[in-house]
Structures are given as structure tokens and as C-alpha cells.
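Dear colleague,

Please find the structure below, for your records. My notes on it follow.

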Amino acid sequence: MFLSSIALRIRNAMNQTSLSSFIWSVADLLRGDYKQSEYGRVILPFTVLRRLDCVLAPTKAAVLKEKAAREKAGVDPHQFLLRKAGQSFYNTSEMDLRALLGDQDHIRQNLYAYIQGFSPDARDIFERFDFHTQVERLAKASLLYLVTEKFANIDLHPDRVDNARMGHVFEELIRKFAELSNETAGEHFTPREVIRLMVNLIFIEDDRELTPGNAVVRTIYDPTAGTGGMLSVAAEYLLEHNPDARLSLFGQELNDESYAICKADMLIRGQPVENMVAGNTLSEDGFPHRKFDYMLSNPPFGVEWKKVEKLVRKEHEDKGFDGRFGPGLPRVSDGSMLFLLHLLSKMAPLVDGKGGSRFGIVLNGSPLFTGGAGSGESEIRRYLLENDLVEAIIGLPTDMFYNTGIATYVWIVSNKKPAARKGYVQLIDAGSFWQKMRKSLGSKRKEMSDAHIADVTRLFGDFAQADLVTMLDANGKETARRVLRDGEADPKVPAGGKLKRTPLSRRFRNEAFGYTTITVERPLRDAAGRVVVGAKGKVKGKPQPDSSLRDSENVPLGEDIGVYFKREVLPHVPDAWIDDSKSKIGYEIPFNRHFYVFEPPRALEEIDAELKETSAHIMRLLEELAE
């Protein structure tokens, strides 16, 4: 009898936890010789080494035999060894981790020889980990054999530990090490349920890619790849829905350890390792001439970009819209919108209804509204909305990420909108779609269930407007919740209870987020109260503005400025006028305003009666104590 998907997930979670605990037990060996914050420098590269070791084990003998034959024939064996290994990497050493245990006195030298036996792309992984330094340190502390023995006894072959579970193990280990060293775990990876939601959203509208039998080839890119979680989940999702589809994975990552783990995962998946690039995406574009079909990113929130400011500003000023940062530059204190612009520059063009791109990016609330008309942030929003690129913005629950509890939003951006979406932006407030975790992980206390993800995906896929109806009993306790789309009737009201209805999904015209900031001037007056007029030039005979009385107003784009001015300003300041030369168009997306529902406070009489009842109860308790 087959296990249900839920049972399989529970079993995998249990195996993953026990595996992580077993690897974590290596810390017992390191304690004393290593600080807690240094454990990851040993455990992460050894885990990767054992993973590669297990993957290559079944073809080890064939690779060694092929190497000997090709070298005897005087032929470069590289391509032949890749074929024999059945992977995009190989190892030509006669050693493996278990064999190393047979010569305790020479384990250091033999381990180096084993690492040197890997093909160049795999060797680079251990260079990124600075593995040599840790081997020397372990040998000096007489720990190298013991640590090697620990890992040699773990079976990490993909048949036993699949790629998804291996990714979870790496993420859990990185989180633990980040907590011990007071680093930011969220810089390395994104919660898996958030990735699943984003992957659902970028694929849901593409029937051809998801239909079995269509041998499509598509590319996906993550400019902040971390350990490769987003790319891995995307590949698994597409393969699950359409086994005939092929997804080429591309990514760039700044952190060397994360890059090493990501590269190892890509090697095992058989992905071309040249598609994974190390370096700072903002200052060193790893794919300057590439466009991609799909993209995903979770850039760091609230991190300044001062280190790369000179290069970014130069690209903005010299290349303009021919570069990545043409629309504008955000303030230096937060570079997340630079990643948004970077992704925009990587979108494949839409030609005759074919091609095009869609991407999802996680941002905090700041990019929605920070910066007034004319600012860099506003100009970026203006470019996105006036070019009809934003499909949807989904508000996530708070406390979803490991390193922050703030509100976060998933932006879905596309240059191939379906006809029904053209000219519109969909806002979905999924802030209440969460369940409490059994155990908090850093700042992460909540998670989205499969049902929550499915609800949001359907609302997006159907481009539906909907409300969330909560059923409350007579005591005000929630009994059930339902998603009601426009036109659907309310559910039956519980006996003695009531229904609470809140907006969940809304559609807006692009221009609904635009406004014109007008500058309202009032005349300068002298000591006698007379209006001061200009004496010469263009201002001759015209009232001079008083800068201390200057004000501004934001007029919605769809409204006539003159009509607005007469209605909202002149009745209060009849001598005011608009300085048209200072008018600017701006855009902001006041997400929370569109989902706010006013709840009137309780009547004063009700509150007063409750206070009196509470006071009387306290007095009775005090009297009982006094007796």
C-alpha cells in the first residue's frame, strides 16, 4: 500500500531531522578545539565531500579502468571519464572516504590526494570552503581521522537522501551555524514553502510548459542563489508536472560557502557548472548577455549598497536604459530594488506573442511606497507600472523568515501578461494564511501550509477578486474560514454568532497607483500685508512666492488637476496658485490601505459596564482574602 503524500512528507522530515542530528554530532568531537561559531567550517565541507563520495561510488571502478585505458592510449581522458561516471564530475583517486580510514598515520596526505583526484569543477568547491586550512587544523588537533570516520559512516547517496532532503539538511545546518555565530541565516536561504509559492506563481499561467509530453526547454535564473534552493524547487516542480520538459538552471552567489553548496548540488543534478557564477551580482554581472525565461530572487532586505555605489552609479549614468539601472536608483540604505532592476534587464523579449519572461522576487514593504514623486524608488515603480509589467503583489504573513519578522511581499513581474491582466495589477493579502510552527527557527514562527499555497495560487491563476469570510460563534471564537469570490453568497451565520468579511484579492488599474505632486504657492507679503510682486524679468508684475507657506498636494492621475485645486485648495487659501514647473508624477502602492477594514470601537456604556463588573469581582476576591 502506497504511503500518502502527507505520510511521505512526515517520514522524510523525520529522516531529515535524524540525519541533521547525526551530522551535528560531529560538533561533540570539535568542542574545545573549535569555537561553536567555527563548527560550520568543518561540517559543511565534509558533508559535501561525503555527498559527492556517495554519488560517485557506483561508477568508481569503471572510471579508474577508463582512466588507465585512455592514458595508455595517450588520449585526454576527461570527456570519457565524465561519461563513465554518469555525472558532470568524477574522481580519479583510488581512495574514497572509507578507504582513507585504512591508513590512519597518513590520512592527511591521502585526503589531499583524494581531493586532488576530483575534476576541476568539483575541486573548486573545496577551494571555496578553504578546506585545506581546516584539514591542517584538524590534523594538528589529532581530530582529522575521527571526523573523517564519522562522515564515512553516513550514507548520503541520492537513492537514500534525495536532493530535496539534502537541501533541507544543508539549510538546517547553515541556520544552526548562523545562530551560533550571530550571522544572518536568511542571507543563505529562503523558507521552502515561500519558494513553492513563488514557483507555483511563475509557472501557473504557462500551460505549454506544464503539459506532459511537451519537450520544452526553458531557463531559470536566481541572481542571489544562496545554496540553490529556489532553483532546485523550480526544477523539481516542472519535472513533476511535465517529465518531458527540461529546465536549465543559472545562478550567481556572493557568499563562498553558499556558492560551494549550490555548485555541488548543480553538479549532482547534471547541470552545467559554468551556469553557476561566484561574485557580487550588482557590480559583476555574471551573465551580461543572457536573457532568461523565468527568474526567482530573495535579495537581502535593508542592506546598503555603498560598497558598489561607484560602479552602479557609473552604469546608470553611462548606459542609461541600455544598462541595468536605467529607470532610477534607490537610496543607498537599501539595495533590494537594484536586484529588481537587474531582473528586469534579464527578461527575454516578447516577439509575435512568443518568448517573454516572468519572475518572482521577495521584497519588504519599503519598495511599495518609499520615496516621493521624482525619487529613484518612485521612478522605478513608475517604469514598472507604465510599462504594464507588474502582474501581482502578494503580502505574506509576518514571522515567515529566519532572520526577520517584518512584513514581506512577493512581486510577480512579467512582460507576457495574458489579455485579461493587461493594464491591471492584482493585490493579494495572504497575511492571515499561516499556521503556527511546532518549533520556532530563529525569527520564523509561522509557515504556510499546502492548502494556503493552493488558495493563493488559484486566486492568482484565476485573476480572481475575493474576500475572506471568518465565521465566529456567540463567544467571538473563530469556527471556520472560507474564501468567497465575487458573486458567491455568504455562508450561513452560526447560531448566535456572526460573519467577519475582509478583502483578500483585488484588481486595480495601473494608473490607480499614480499621482501628480503639485506645488502650491502663496504670495509673499510685506510688513503692511501687501503682496510683493516681481520688479523685472519673467517675474515682473507677478506675485512672489513665500517659501515658508509653500505646500504640496498629491492629485490622483485620473483626476483633473484644475478641478482638484478648485475643490480642495482654493476654498481654504484663495490666494494660492500652482507652480506648474515643479509638478512631478509619482507612483506608490499603498498595499495595506486597500485591505484595511474599519472596526468601530465598542460602545462606551459596554466598556464601562465591563469595568464595573471586573472591579466588583476584584473587590470580592480581596474580601475573601481578608477573612
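Helices here are DSSP runs (H or I, at least four residues), numbered from the N terminus, as are strands (E, at least two). The model is predicted, so to speak of local features pLDDT of at least 70 is needed, side-chain atom pairs count only at pLDDT 80 or more, and totals for chains, interfaces and linings use all residues. Residues are numbered from 1 along each chain as its sequence is written, and side-chain values use heavy atoms, leaving out hydrogens and water.

Ser378 lies in helix H19 (residues 376-386). Ser378 counts as buried because its relative accessibility is 0% (buried is under 20% relative accessible area, exposed over 50%, partly exposed in between, with a 1.4 Å probe and protein chains only). Beyond its neighbours within four places in sequence, Ser378 is in contact (heavy atoms within 4.5 Å) with residues including Thr370, Gly371, Ile585 and Tyr587.

Leu111 touches Phe46, Leu49, Leu100, Phe131, Val135 and Leu144, residues up to four places away in sequence not being counted.

Yours sincerely
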